[in-house]
Amino acid sequence: MWVPLPEFTFLLGLINAYWFAPPLILVISLVYAASRHEAWPLIFRHATRLFLMIAGILALVTVILLVINTQV
């Protein structure tokens with residue numbers, strides 16, 4: 001069983017969780033698009049639209065939650 005080093009865990013704790021979102025969204029978009037199409041141009045086009053859609057929804061939800069949080 002792999003046990004992370006304490007230094008590595010400490011460094012990951014310093015990184016804001018929002019920095020992990022864009023690479024994850026990119027990978028999810030590419031894998032989903034690749035499961036729907038076989039040609040690379042169609043995969044990139046579909047992945048771009050899906051990336052923008054997911055990022056937009058996440059940004060909208062973040063703004064809504066920030067507005068709600070500031071009014072409480």
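Where is the place of Ile 15? Ile 15 sits in the loop between H1 and H2 (helices are DSSP runs of H or I with at least four residues, numbered from the N terminus). This is a predicted model, so local features need pLDDT of at least 70 and side-chain atom pairs count only at pLDDT 80 or more, while totals for chains, interfaces and linings use all residues. Residues are numbered from 1 along each chain as its sequence is written, and side-chain values use heavy atoms, leaving out hydrogens and water.

Here's how two residues compare on cover (buried is under 20% relative accessible area, exposed over 50%, partly exposed in between, with a 1.4 Å probe and protein chains only):

| Residue | Relative accessible area | Class |
|---|---|---|
| Ile 15 | 40% | partly exposed |
| Ser 29 | 0% | buried |

Ile 15 belongs to a nonpolar surface patch that also includes Trp 2, Phe 8 and Trp 19, with about 1,000 Å² of accessible area together for the whole patch. H1 (6–14) and H2 (21–36) each supply at least two of the patch residues.

Ser 29, by contrast, lies in helix H2. Its side chain reaches the backbone nitrogen of Phe 51 at 3.3 Å. Leaving aside residues up to four places away in sequence, Ser 29 touches Ala 47, Leu 50, Phe 51 and Ile 54 (contact means heavy atoms within 4.5 Å).

Then there's H3, residues 40–71: its 32 residues reach 46 Å from first C-alpha to last, close to the 46 Å expected at 1.5 Å a residue (1.5 Å times one less than the number of residues). Ile 43, His 46, Ala 47 and Leu 50 are buried in H3, and the buried residues of H3 pack against H2.

Notes: Patch = residues over 30% accessible without salt bridge, like charges linked within 9 Å, V, L, I, M, F, W, Y side chains within 5 Å. Areas by Shrake-Rupley, 256 points an atom, 1.4 Å probe, with all protein chains shown as cover. Salt bridge = Lys/Arg side-chain N within 4 Å of Asp/Glu carboxyl O. Polar contact = N/O pair within 3.5 Å; in protein donor to acceptor, adjacent residues only side chain to side chain.
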